[in-house]
Amino acid sequence: MTAKRERLLAFLRFLSRFAPPWQQDEWLREWSAEVESAPSARLASVIIGAPAHVLWLWRRQSQLDSIGADVRYGLRALRRRPAFTLTAIGTLAVGASATTTLATIISGVLLKPLPFPESDRLVRVSETREGAAADRHPVLVRETLLAWRDHSTTLTSLAGYSGAAATSRADVSESGDRVRVVGMTANLFGTLGVRPALGTGPAPDAQSADRAVWLSDAAWRRYYQRSPAALGRSFWIDGETYSVAGVMTPDFAFPDPDTIAWIVGAEVRFLDGVGRLRPGITAAQAADEGTARSRTTPGLGQLGIAVFGSNGPARVIVVPLLSALTEAARPSLLMLFVAAALLFATGVANVASLQLAHAASRRREFAIRSALGAGSTRTIRQLVVEHAILGAAGAAVAVILTLWWNRLLPDWLPDGFPRASEVTIDTRALLLTLALSLGASQAFGLLPLWFVRRVRLADAMAEDGTAPAGGGLRTHSGRLRAAILAAQVGVATLLLVGAALLGRSLHALSMSDRGYDLSHLLTAQLPMPQHDFTRLERIAALDGIIARMEQVPGVTHAAASDILPLVPLEFPRSFDLPPAGPGGAPRPVKAASRSVSRNYFAALGMRVAEGRGFTDADRMESPPSIVVNRAFVRTYLTDRPALGTSLPIRFSREWTSATIVGVADDVRQQTGLETASPQIFACYCQMAQGLLGDTPALAIRTTGDPAALAPTLRAIVHEVAPASGLTSVMTMETRLKEQLAVPRLLAGLVVAIGAAALFIAAVGLAGVLAHQVATRSRELSIRAALGASRRQIAGGVVRGALTVTLVGASIGLVAAFVLARWLSTVVTGVGVHDPIAFVAGPLVLLVVVFIASAAPARRAAAIDPAKTLRA
Amino acid sequence: MGARLSYSAVAILNALAEGRRYGFDIIDFTGLPSATVYPTLGKLEDAGFVSSTWEAHATAVRSKRPPRRNYELRAAGKRALSEGLERFRLLRDVPTTPAPDKAGGR
């Protein structure tokens with residue numbers, strides 16, 4: 001090639017840098033091909049033609065002054081950066097849809113009014129006693145309800161109800177289903193402001209003796225195929241005959257969607273209370289009145305101690321019904337929402353950081369465009385349009401994702417999640433998705449905008465991207481990117497600490513020593529309604545099943561009890577413990593009680609620490625024996641030997657007292673982490689009245705897979721007690737797994753969000769470092785030329801990364817420390833300021849930062865000063 | 001690009017119709033300066049009268065030069081050309097010179 005052509009090609013290369021950036025390559029290729037193949041005589045025309053072409057390209061750009069052209073230009077600009085475009089759209093789509101989905105759940109579950117007229121006036125009414133333990137199911141004492149209901153100045157009405165499992169059937173010949181039935185005061189529907197869709201509600205003076213039942217829409221469909229002729233037909237609940245008096249509307253699900261029937265009659269002493277405030281009355285005013293009314297009722301005596309753990313003055317608690325129904329889900333939902341929003345913010349920050357780096361390299365373009373007369377409004381509009389395209393694309397994907405997630409939601413939400421059916425994607429939710437995506441896209445678009453406004457033509461033209469020695473934190477955009485990065489690291493730290501806390505909590509929950517052996521244990525419930533079984537028949541059936549099961553190969557022990565561990569139910573019991581010696585005062589005792597079969601302890605794998613469990617020696621005619629747990633001994637019997645102590649306790653009517661024959665290790669009945677509470681066990685083999693409950697539980701200890709014995713158990717139950725249907729057959733481990741479903745879901749989601757935030761921070765960090773190394777190549781080369789070793793240069797890069805990380809992580813740790821107390825309701829088993837979680841989170845981050853900074857550091861170390869400085 | 005094509009635009013369309021493909025070839029054919037030909041080609045492309053493709057790499061390698069950007073008349077361009085030729089009768093009288101072979105050459 002001739003020297004002239006070479007010079008012309010160099011001229012074209014130089015000139016190409018002034019062409020619109022998205023056309024530079026193409027422009028250079030076209031002109032180079034012409035120059036390399038044109039006859040020499042024509043070459044001179046390149047000197048005029050090529051600059052004229054460049055100028056024309058710019059003029060065309062500024063002439064294309066319509067939004068349509070902006071869109072076309074924007075599309076072209078985005079197509080030229082596919083990696084950035086996909087990152088931005090992905091960030092927007094995932095972030096906006098995750099945030100929307102959680103916002104939808106929060107709106108549907110926590111904010112949407114309950115489906116009752118003037119539902120803001122509905123309140124849950126419960127009571128407690130001064131000095132009572134705080135964490136118990138809220139109840140209203142029947143006497144308070146009666147004393148308050150008819151003369152209330154703060155409530156227009158006050159109703160009570162109580163839900164229970166029952167066996168129902170619409171045809172006597174059917175075997176029946178286990179369902180939830182609510183017994184209620186006659187004014188429950190009126191208090192809520194609902195009427196049946198079919199038939200009429202209970203009359204104000206309706207009695208349980210009327211034997212009327214109101215069915216849910218689902219039950220009406222299931223049992224009567226929605227036939228209006230269902231009214232007046234017979235319906236059996238636990239063997240009692242009721243007449244169908246009405247069918248509720250499809251959206252009526254009170255207190256929960258599982259309830260299928262309501263009957264008048266809540267003859268229990270402790271109820272759930274729901275009231276309707278008079279207009280203008282606050283919950284606190286109602287609580288004051290309730291407290292005063294409750295204190296006019298006679299005291300509960302021993303029962304008060306048994307239920308509340310105290311016999312102090314009554315205190316009534318009134319809270320809005322909506323928050324009462326959703327209080328369990330609220331902390332987790334808010335936590336997830338904050339985590340998702342933080343993830344979204346850190347993702348948007350990442351895209352902003354990418355844009356900022358890009359803006360630095362686009363300064364020349366902006367400068368030339370403004371030199372050609374494109375006003376800054378024009379340039380700004382172009383950028384706004386470019387980001388609106390990103391936002392719209394992100395929104396489109398986000399809407400699809402949101403709809404898809406909403407379809408999956410019912411499977412994700414654990415059973416019993418309150419108001420799950422209220423979570424719906426509506427226009428508002430989709431508008432939110434759109435707003436989030438478009439808003440966020442403009443947010444990260446604003447950074448280059450802000451940058452463009454500072455572009456001065458002379459500066460931009462004089463400054464070559466690789467020229468400045470320095471860079472790093474010395475430039476405005478460098479500092480801004482470092483600040484963004486520190487914030488991202490902070491968010492990642494916060495989320496990682498949260499994830500570590502939840503993970504540690506879950507670990508503690510699943511690994512805790514519950515005092516019994518969960519493995520190789522098959523459990524089931526055996527509903528034996530009073531209508532079908534007398535107490536003695538119940539015991540005979542249970543003993544028969546136990547004896548038959550113990551013959552089955554692979555079964556080591558079979559036992560029965562009125563309640564299983566992990567079932568949040570207890571039979572509280574209280575009595576006065578006589579003093580150990582003369583001169584002492586009797587002490588009020590509160591303990592949970594259980595009636596069990598003889599080999600209960602062996603079947604559950606419970607340790608009997610002192611004395612013995614129940615044996616064949618314990619019979620109806622022998623003196624009553626009881627076993628207490630260590631917590632009972634610790635709480636009440638420190639002043640005397642436990643074994644042989646006689647307690648004035650009456651498990652059965654003929655008992656006057658019972659002697660402690662054994663001390664069992666503590667069993668944690670519920671979460672496995674709660675403080676063990678005092679417990680008393682008695683053998684139902686010594687109780688003429690039989691078991692305490694009518695739905696006993698079976699526990700079968702096996703040598704092999706317990707689930708494999710379920711069919712055998714069913715067959716034996718069917719033979720021995722055909723009137724009883726076995727329910728809830730599952731291994732103890734499955735039971736625990738179900739109980740941990742919510743913590744596991746929560747921990748899983750937060751870990752996923754934390755990992756995503758960590759990934760985003762790592763990508764952001766790697767990007768920032770790579771950009772720094774690229775723009776500082778001249779400076780690094782000078783250092784290398786002056787004798788800095790590769791190690792020192794690479795070290796400098798890693799040090800820079802660590803500085804930003806440490807600043808960000810410190811901010812994140814402080815934030816985590818402050819915010820951790822919000823987690824106290826979802827973190828159990830470890831403290832919310834658990835040191836391991838607070839160390840593990842940042843440690844993971846540090847490792848990832850090292851990995852992310854390795855490649856840029858290597859690149860920095862590999863810079864050849866001779867090459868860079870000559871360029 | 002307005003409804004009425006300029007003289008140079010019609011001339012370039014005509015060159016393409018006559019089988020000329022790339023910038024300098026068109027310059028040779030039309031005698032227009034390069035400072036006019038390239039922007040006009042750009043305008044014609046924006047208007048949808050002309051499309052451009054990059055020459056196959058193999059062809060370029062055979063001719064020992066980088067691939068050229070080749071322009072081609074589109075249907076709309078052909079219609080615009082016949083209208084334009086009505087207006088600029090002169091062009092019809094331009095003697096047709098045989099198009100050089102594709103490989104071109106220096």
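Start with α1(B) and α2(B) in this predicted model: select residues 7-17 of chain B for α1 and 23-30 of chain B for α2. Which way do the two helices run relative to each other? Their axes come within 10 Å and cross at roughly 110°. Angles of 65 to 115 degrees count as roughly perpendicular, and α1(B) and α2(B) are therefore roughly perpendicular to each other.

Now show the side chains where they meet. On α1(B), pick Ala11(B), Ile12(B) and Ala15(B); on α2(B), pick Ile26(B), Phe29(B) and Thr30(B). Color that contact by class and you'll get 5 nonpolar residues, 1 polar and no charged ones.

Next, bring chain A into view and look at where chain B touches it. The contact draws 18 residues from chain A and 16 from chain B. On the chain B side, α2 (23-30) and α3 (34-47) each supply at least two residues. Which element gives the most to that side? It's α3(B), with 5 residues. Try the class coloring again here: chain B's side has 8 nonpolar, 4 polar and 4 charged residues.

Last stop: jump to chain A and select residues 777-785, helix α23. Which of its residues are buried? They are Ser777(A), Arg778(A), Leu780(A), Ser781(A) and Ala784(A). Turn the view to look down the axis of α23(A): the buried residues fall within an arc of 160°, so they line one face of the helix. Then move on past the end of α23(A) to Gly787(A), which follows the helix and has a positive phi, near 110°.

Methods
Residues numbered from 1 in each chain as written. Chains lettered and ligands numbered in written order. Predicted model: local features only at pLDDT ≥ 70, side-chain atom pairs only at ≥ 80, totals over all residues. Contact = placed C-beta atoms within 7 Å. Helix = DSSP H or I, 4+ residues; strand = E, 2+ residues; numbered from the N terminus. Nonpolar A, V, L, I, M, F, W, Y, C, P; charged D, E, K, R; others polar. Axes fitted to C-alpha atoms, helices over the stretch in contact; angles between N-to-C directions. Parallel < 35°, antiparallel > 145°, perpendicular 65-115°, else oblique. Buried ≥ 20, exposed ≤ 12 C-beta atoms within 10 Å, placed from the backbone. Arc of directions from axis to C-beta.
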